[in-house]
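Hi,

Here is the structure I said I would pass on. Have a look at it first, and then read my notes below.

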Amino acid sequence: MTNSKGLEGVVAAETGISHIDGFHGRLYYRGIDINELATHSTFEETTALLWYGKLPTARQLESFTAKIIESRLVPNEIIALLLLLPKKTTPMGVLRTSVSALSPFDPETRDNSLEANVHKSIRLTAALPTIVAAWERIRNGLWPVTPSTTLGHAANFLYMLSGKEPDPAAARILDQCLILHADHGLNASTFAARITASTLSNLHSAITSAISTLQGPLHGGANEQVMRMLLEIGDLERVEQYMRGAFAAGRKIMGFGHRVYKADDPRALWLERLSRDLAESTGNRVWYQMSDRIRSIVQSQKPLPVNVDFYSASVYYTLGIPIDLFTSIFAISRVAGWTAHVYEQYADNRLIRPESAYIGSLDMPYTALAERN
Ligand code: ACO
């Protein structure tokens, strides 16, 4: 038996969904380089690619997109649930609770066939943006916006947040962000989804586990922490002093480091370009400039790759998205990959059940309650 802390270097599943070449900094979905997909595809098309294994034809894409649009409304009971939650509930907490609550409302909740799971995945993929946007409105005392029946997935999310049709350029940037976040091998949240599925628990349970796992700051929660760091620094001139302090205190710099990448994360390089383009087009350059300086300082001190969460922070912030929604945007995208992995797990299932190395004592006496101190 091998003992690997954090399961580093352990292969726990075979997958045909995505491949990371961590040495060269490449990422492929179903064999297609994500640079190609971010340039030419849409989130809807990329989702179909991940689920069905190949790019859809024009007719297939049209029908797939229509099914997602039809499923955008969530049951009224879910909106009623959001109205009951404390306003301080985090958007990821709201998503986790809502996906769990959606399970009994799904007409195929007890059916674990591939066909039913694809239907459920369509409904979940369509519902996540509606829930996040509805929560943003409700916690600000506003009524949720009814989803559009014409806008694309990313544009509809921005529309449901503000009630106004978004600038097409902003919608395309968000669409590219969704493509870039859609799948990533056996990352922690996908592993959580697969572990849950491996017990033959249902799709909603697996996605609830995944959302819970994505939330942490070492995983998808890092994008929010990156933005909080940028705001704390506040000024380009303060970056060096801040970074000196962070290194001296031995703090981890959010948005850097990765278990698999040795070279820079290719998604981060895309997001860097999006952040730079947005800085130019809006004239609001400070967040991009600070990010760039932080990256030079970090990488001059330690050979750490920049990861997906670093530049997505300045992209979302410049798009006007509230900071605590950043990780839920990650979930809105990653649900495509999670569900694809759940299909794969069910198709060739074996219970995922590693062992632990016991380090406690043995043969301890049982002391009667009255004799304990
Ligand atoms: N800042 C400073 N030092 C770092 C960082 C960082 N961001 N990341 C890793 N290191 C250092 C560690 O201190 C450690 O140094 P040591 O060997 O001298 O103790 C070494 O690099 C290895 O780090 P680990 O944390 O053991 O690496 P691991 O593979 O377990 O963790 C992780 C990867 C969690 C991503 C880590 O790099 C990290 O905490 N980064 C910051 C959080 C972050 O950006 N998370 C998002 C990751 S991408 C995603 O999940 C979507």
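Let me start with helix α15, whose buried residues are Val 308, Asp 309, Phe 310, Tyr 311, Ser 312, Ala 313, Ser 314, Val 315, Tyr 316 and Thr 318. Bear in mind that this is a predicted model. With ten of its eleven residues buried, α15 is mostly covered. What do those buried residues pack against? The partners are α8 (168-180), α11 (222-233), α13, α14 (286-301) and α16 (326-347).

Just after the helix comes Gly 320, which has a positive phi of about 85°.

Next, the ligand. It has 18 residues around it, and those that come nearest are His 219, Lys 252, Ile 253, Gly 255 and Arg 259.

- Leu 218 has a backbone N or O atom 2.9 Å from a nitrogen atom of the ligand.
- For Ile 253, a backbone N or O atom lies 2.7 Å from a ligand nitrogen.
- Gly 255 places a backbone N or O atom 2.8 Å from an oxygen atom of the ligand.

You will find His 219 in the loop between α10 (203-214) and α11. Is His 219 buried or exposed? Its relative accessibility is 15%, and the cut-off for buried is under 20%, so His 219 counts as buried. Apart from neighbours within four places in sequence, His 219 is in contact with Asn 187, Ala 188, Ser 189, Thr 213, Leu 214 and Asp 309. Asp 309 takes us back to α15, where it is one of the buried residues.

Now for the rings. There are eight aromatic pairs in the structure. One of them joins Tyr 52 and Phe 64 edge-to-face, at 5.9 Å centre to centre and with 80° between the planes. This pair links distant parts of the chain: Tyr 52 belongs to helix α2 (residues 43-52) and Phe 64 to helix α3 (residues 58-70), twelve residues apart. Tyr 52 is partly exposed, because its relative accessibility is 46%. Phe 64 has a relative accessibility of 4%, so it counts as buried.

Another pair is Phe 256 with Phe 310: the ring centres are 4.6 Å apart and the planes stand at 55°, so this one is tilted. Phe 256 sits in the loop between α12 (239-248) and α13 (266-282), while Phe 310 is in helix α15 (residues 308-318), 54 residues away. Both Phe 256 and Phe 310 are buried.

Trp 51, Tyr 52, Phe 64 and Tyr 343 make up one aromatic cluster. Separately, Arg 273 lies over the face of Trp 270, 4.7 Å from the ring centre.

Last, take a look at helix α4 (residues 76-84), where the buried residues are Ile 78, Ile 79 and Leu 82. Seen down the axis of α4, these fall within an arc of 100°, so they line one face of the helix. Residues three or four places apart in an α-helix point the same way, because there are 3.6 residues a turn. That buried side of α4 packs against α5 (91-102) and α6 (114-139). The face turned away from it carries Asn 76 and Leu 84, which are exposed.

Cheers

Key:
Residues numbered from 1 in each chain as written. Predicted model: local features only at pLDDT ≥ 70, side-chain atom pairs only at ≥ 80, totals over all residues. Heavy atoms only, no water. Phe/Tyr/Trp six-rings, centres within 6.5 Å; stacked < 30°, edge-to-face > 60°. Helix = DSSP H or I, 4+ residues; strand = E, 2+ residues; numbered from the N terminus. Buried < 20%, exposed > 50% of the residue type's maximum accessible area, 1.4 Å probe, protein only. Lys NZ or Arg CZ within 6 Å of the ring centre and 35° of its normal. Arc of directions from axis to C-beta. Contact = heavy atoms within 4.5 Å. Near = heavy atom within 4 Å. Polar contact = N/O pair within 3.5 Å; in protein donor to acceptor, adjacent residues only side chain to side chain.
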